[in-house]
Structure formats: C-alpha cells, structure tokens
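Please look at the sequence and the structure shown here before reading the report on one part of the fold.

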Amino acid sequence: MSLQLLAPGEPAPVFACRRGGKSSFVITVDHASRRIPRHLGDLGLLPADLVRHIAWDIGAFEVAQQVSAILDAPLVAQNYSRLVIDCNRDPKVETSIPRISELREIPGNIGLSAAEIAARRAEIFDPYHWRIRELLDGRQAIGHRTILVAQHTMTDVYKSERRRMHAAVLYNRDRRFAGAVLEMLRREQHLIIADNEPYFVSDETDYTIPHHAEARLLPYVELEVRQDLVSDEAGQAEWGQRIDRVLKDAQRAFQIS
C-alpha cells in the first residue's frame, strides 16, 4: 500500500535555478530547508527545535544562492528538512530518517512503517537526486565541464563543545580540487579552516559526493561554514563573495597543475 506524503499545493521537493548557467560549477544544498510536510505535523518537536541545526543547514541556501548568481552556476537545493529524510544519506543506512539528532529524540520518526519510509524517499529524496543526475547528464552530453560544490553549514556548538574553525573543506577519495580550495581559503590568515574535520565525506555517511561527483570522476569540494557566521544577510554576502573568489582561484590553480 502506497502513501502520499506531500499534499496538493505544498512546495515541490526541489528548488533549482540557472540550469543553463555557463559556469563550470554546479552547486548543491542537501539541507537547504527546515520545512516539514503538513501531513507530518511537527514530528513531535517543539517550535524551537525546528529552527535549530538539527532541522537544516542554517544559511547554506542563502550563501549558495549568492555564489550561484555571481558565477552563473546551476543550483539544486532540497526543499524539506533533513528530519523528514536526509538527502545526504544513503536511504539504506539507519540515519537516513533520524530517530535521534544530536541529543534530541525525533518522536515522529520512531516506529515508521515500510510504506511511510518509502513515501519519504519517493517524494523527497528521489526527486532531489534525480534532478541532480538529470542536470549532470545534460552537461555531460554537450561536453560542459563540471566541478561539483556541495554547500553545507555546521553548528558553532555541538554537544556543548564550541567549534573554533570558521569553515571546513571536506572530501572523500579525491582531494585534488578540495586541496586547491583549502589552500585558497587558508590565504586569509585570520580564518581557521579545517581539513576534513569535524566531518569527512565517506560512502557510509554521505550520498551526494560519492554518487554524483566521484561516480562520474568529477572534481568536487564539500564546504562547511560555521552557521553563526552566515545567519544574517551580511554574513551570507561576505561568505558568498569569499567562496566565489576562492572557487575561481582554485579552478585556475587546478587547471594549471
């Protein structure tokens, strides 16, 4: 028995723009929104929980929009909260639909039926990754070079521990382009830029980079910016302009090397 998750009139599961952008860069935002489908209510959480990092990557979408506009780069972003289904997790893993996030239990994710799980995948996860796949297929068909940029933000305090780094550069098997981005970011000596921490990309914990970049042998980078630095328009503009500069510089260095 199949279930319908999204009601008529609710926003589409994917936001996409600049499909025909001339840039080599394609930008993805796996955790762009804190929206919950009406059918799921509040997942048993308090309103304060749904504006925290557990629900979305605060500021990531706005930063990505800035970079996309400056670069004329295609942007694909998820329109529903990672608490519904995490679009950067393989649906086969237990954390795909989290029952606990950080230290908070998610009551609305406990005891789900197979049909409820399937609906979340079919209506949110699959359309997002189909859109990325279809975009990359189209670019490949016309010989348009692609560098994938996965934009994320991280909480400034995790399980009561303050994070000192301002941003982080993440990668899995292929460090080539990510290494160039790291070098460019570290030229700003007042910034602390982490190398593959506090997270790192892996097949077990990530989906977008392994399945869309590495599977196609595309250069890529995953960026994490501390959310308190991009929680307002001024910070989003500052980091959008910074990432634009860094990506362009890294691309030039990458092509020369």
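Predicted model: local features only at pLDDT ≥ 70, side-chain atom pairs only at ≥ 80, totals over all residues.

Residues are numbered from 1 along each chain as its sequence is written, and side-chain values use heavy atoms, with hydrogens and water left out.

Strands (E, at least two residues) and helices (H or I, at least four) are DSSP runs, numbered from the N terminus. In a regular strand the side chains alternate between the two faces of the sheet. On one side of E2 lie Phe 25, Ile 27 and Val 29, on the other Val 26 and Thr 28, and all are buried.

| Partner of E2 | Bridges and direction |
|---|---|
| E6 (residues 147–154) | 4 bridges, parallel |
| E3 (residues 75–78) | 3 bridges, parallel |

Thr 28 stands opposite Ala 150 in E6, while in E3 its bridge partner is Val 76. From E2 the chain crosses through H1 to E3, in a β-α-β crossover that is right-handed; that is, with the strands pointing away from the viewer, the path from the first strand over the helix to the second runs clockwise.

The buried residues of helix H1 (residues 60–71) include Phe 61, Val 63 and Leu 71. Seen down the axis of H1, its buried residues fall within an arc of 160 degrees, so they line one face of the helix; the arc is that of the directions from the helix axis to the C-beta atoms.

Terms used. Expected span 1.5 Å × (residues − 1). Buried < 20%, exposed > 50% of the residue type's maximum accessible area, 1.4 Å probe, protein only. Pairing = 2+ DSSP bridges.
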